Structure formats: C-alpha cells, structure tokens
Amino acid sequence: MARQDLTPEEKARGGRNIALALGLIAFVLIVFVTTIVRLGANVFDRAPI
Amino acid sequence: MTGLAAQPAEIRPAAPARWQDYFQLLKPRVMSLVVFTGLTGLVCADRPIHPFLGAVAILCIAVGAGASAALNMWFDADIDAKMRRTRGRPVPSGKVQGADALALGITLSLFSVGLMGMAVNWLAAFLLAFTILFYALVYTMWLKRSTPQNIVIGGLAGALPPAIGWAAAAGTAPLNAWLMVLIIFMWTPAHFWALSLYTSEDYGNAGVPMMPVVKGAKSTRQQILAYSLLFVPIAIAPAFTGLGGTAYLAVACGGGLVFLVLALRLLRSHAGEQLIDVRTDDGLYGVKADARDARNLFAFSIVYLFSLFAALLAEHALGLGAL
C-alpha cells in the first residue's frame, strides 16, 4: 500500500529507484543465463576424449 | 543544442521526473518498428540460434535504438521545444534534465553494444554501434540542421536493424540482408517528406532545413514520386533473390501499386502549399482537407513497410520456399 506522507518528489524518486533495481536484476539474470547457454553449447561441442 | 548542465531559460522542471518520463526518452513507438524489422532479419537468416540468445539480440537492438533516441532528444531539445509535434517530449517539457538524457543514452549504448558482443557476436555488435553512432553523430548532430537531404542519408540508421538481426543469427550479413536495409532506406524519403508536407510550419519555425522548407512543396511532391518509383521495384526485388516467396510477391506488388497511386495523387495535390498549420488535434493523422493526400501516403507507407516485413517473417517462420 502506498504511503500517504510522501511528497511527489519522494514518490517519483521511489518509482525511479524501483525501475533501476528491476533493470539491474534483469541485466544480471540475462548475463547469468547467457553464460549458461553459451557454456553449455561449448561443452556439448567438445570432441570426446 | 542543450548544454550538459544548463537548460535553456524556458525549460524548467515542471514536476519530479518519473520512470515513465525516462522511458519516453527511448521513443518506444519508433523502437517497436526497429524491433520488428530486426526480428525479421534474424528469422530470415534461416540459421539456428538459441531462442534465449535470439531474444537477447532483439533486446540489444531495442535498447540501442532507445539509446539513439535519448541522445537525439538531449541534442535536439532546443528545436524540439519550438515544434508542436515534439514540444511535449521529456527534455523540452522540463520533465527530464538534458544531462540525464545524455547519461541515459551513453549508458544504454554501452550496455547494448557490450551485451550484443558478449552474448551474440561482435559483427552484430559492430553494426549496432555503427547504427547508434550514425544516428547520434551523423544524422542528429550534423545532417539534420545542415541539409535538406538529412533524412535521405540519415535514414541509413533506421534501415540497419534487419542486417543487425541477420548478423546476430548467422554471423554474416549477405546481400539479401542488405537488400532489406535498402528497402527501408529507399522507403524513408517518401515516408518522412509526406509527413513534413503537413508539419513544415513546425520545421520552418525551428530552423530545420526539411525539404518542403528549403525547396518548396511542389519540388518535395515531385521528389516523393521519384523516390516512390525507385522504391517499389526494390521492394519487389526480394521475390527474385531467394528471400521472398509468392505471398511476399503479392504483398509487394499490390501494396506497391497503391503506394504509387498515392504518390501520384500527392503530386497532383496542393499539399504543403498552405502556410497555416493544417493539423487538427488528432495526433499525426488529423489534418485538414488540403493535406489529406500527404497524410494518406504517410499512413500507408507505414502499413506497406510493415506488410512487406510481416510477409517475409511469416514465410521464413513457416518454412515457405522462395519463388
């Protein structure tokens, strides 16, 4: 539930902070999954020993 | 241009900037067309790419396009403030500081190019970097304010996403990828000049040398027809290069005929000759009677380009063969 005692500036800043946090989390997840996908493909491409 | 820190006197923060204001800096409507053409290039490459990496490639194209738009809005805040169509944008309306728009543009450029290179391949990353730099430096900072050929040459930036998508999937960019680029490149002059015929008062006020302002409405209508005559055969060409199939040929020929008829009707009209503002308050498509031929070509050009790429996308996604 939104707090009633926040000024418009504080509400706007809160919204920007949440958007930035979500963007950073998305970026971390993208890099993590990309690493798994590319690593997995290269492991499978290796010739058998 | 807007300074890094100082804002022009008339631009003052009206209200605290919300995250939605920053999102508007990325021109989401333009971004959607770029994503669509980039996705079409990626699918038309007919090379297997991991779905997640394909999605990352499209995300990078979208973010790169958004970064270009933010850099454009930072640099063009002074002329955006003078034009009815653009004065509500976040920087001229005072919602976002120019320096913040610049920072967002640079940050997203680095993120999109770096991620494209590391996750997909460096050819796609190079093409994406070239697109961003061409739009920001060559079009926005140089051509737009110096020549009526601004959107002809600058249109290359908006045309490149299919080649980026193709390169992302295949690691190469063969001639058919560049044919898709050429289609958008040759489409751009007729599309933008039709729009500028009924927004020329805006461009004149802002000192932007768009074709109707510099050469007049009649010359612009003639050049629109000339570019249309060059564009339609190029739009049909993929049907004969192994890129498009029967459905594409039908769409390209049928739509091309309508495109030429609308360009011819525009030539015979008096669109752009009135000095008064011919627009109503209904966005880009609300105009008074004299400008309807320009508005019709502008609106149909979007439908036609979308149809061409939708036909290519559908044919390749469904595995339908070329002619």
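This is a predicted model: local features need pLDDT of at least 70, side-chain atom pairs count only at pLDDT 80 or more; totals for chains, interfaces and linings use all residues.
Helix α14 itself comprises residues 292-317 of chain B.

The domain assignment divides chain B into domain 1, covering 1-172, and domain 2, covering 174-323. Across the boundary between these domains, 28 residues of domain 1 of chain B are in contact with 27 residues of domain 2 of chain B. On the side of domain 1 that touches domain 2, at least two residues are supplied by each of α2 (28-44), α6 (122-146), α7 (150-159) and α8 (161-170) of chain B. The greatest contribution to this side comes from α2(B), with seven residues. In terms of residue class, the side of domain 1 of chain B facing this contact with domain 2 has 15 nonpolar, seven polar and six charged residues.

Helix α6(B), one of the contributors to the domain contact, also packs against helix α5 (residues 98-119) of chain B. The angle between α5(B) and α6(B) is about 160 degrees, and their axes are 7 Å apart. Angles over 145 degrees count as roughly antiparallel, and the two helices, α5(B) and α6(B), are therefore roughly antiparallel to each other. From α5(B), the contact is made by S109(B), S112(B), V113(B), M116(B) and G117(B). The residues of α6(B) that take part are W122(B), A124(B), A125(B), L128(B), A129(B) and I132(B). Eight nonpolar and three polar residues make up the contact of α5(B) with α6(B), and no charged residues are present in it.

Chain A has one helix and zero strands. Of the 49 residues in chain A, buried residues make up 0%. The contact between the two chains takes eleven residues from chain A and ten residues from chain B. On the side of chain B that touches chain A, helix α3 (residues 51-75) of chain B gives the most, with three residues. The residues on this side of chain B divide into eight nonpolar, one polar and one charged.

How values were computed. Residues are numbered from 1 along each chain as its sequence is written. Chains are lettered from A and ligands numbered from 1 in the order in which they are written. Two residues are in contact if their C-beta atoms, placed from the backbone, lie within 7 Å. Helices (H or I, at least four residues) and strands (E, at least two) are DSSP runs, numbered from the N terminus. Ala, Val, Leu, Ile, Met, Phe, Trp, Tyr, Cys and Pro count as nonpolar, Asp, Glu, Lys and Arg as charged, and the others, Gly among them, as polar. The expected span of a helix is 1.5 Å times one less than its number of residues. A residue is buried if 20 or more other C-beta atoms lie within 10 Å of its own, exposed if 12 or fewer, and partly exposed in between; C-beta atoms are placed from the backbone. Domain bounds come from an automatic or database domain assignment. Axes are lines fitted to C-alpha atoms, for helices over the stretch in contact, and angles run from 0 to 180 degrees between N-to-C directions. Angles under 35 degrees count as roughly parallel, over 145 as roughly antiparallel, 65 to 115 as roughly perpendicular and the rest as oblique.
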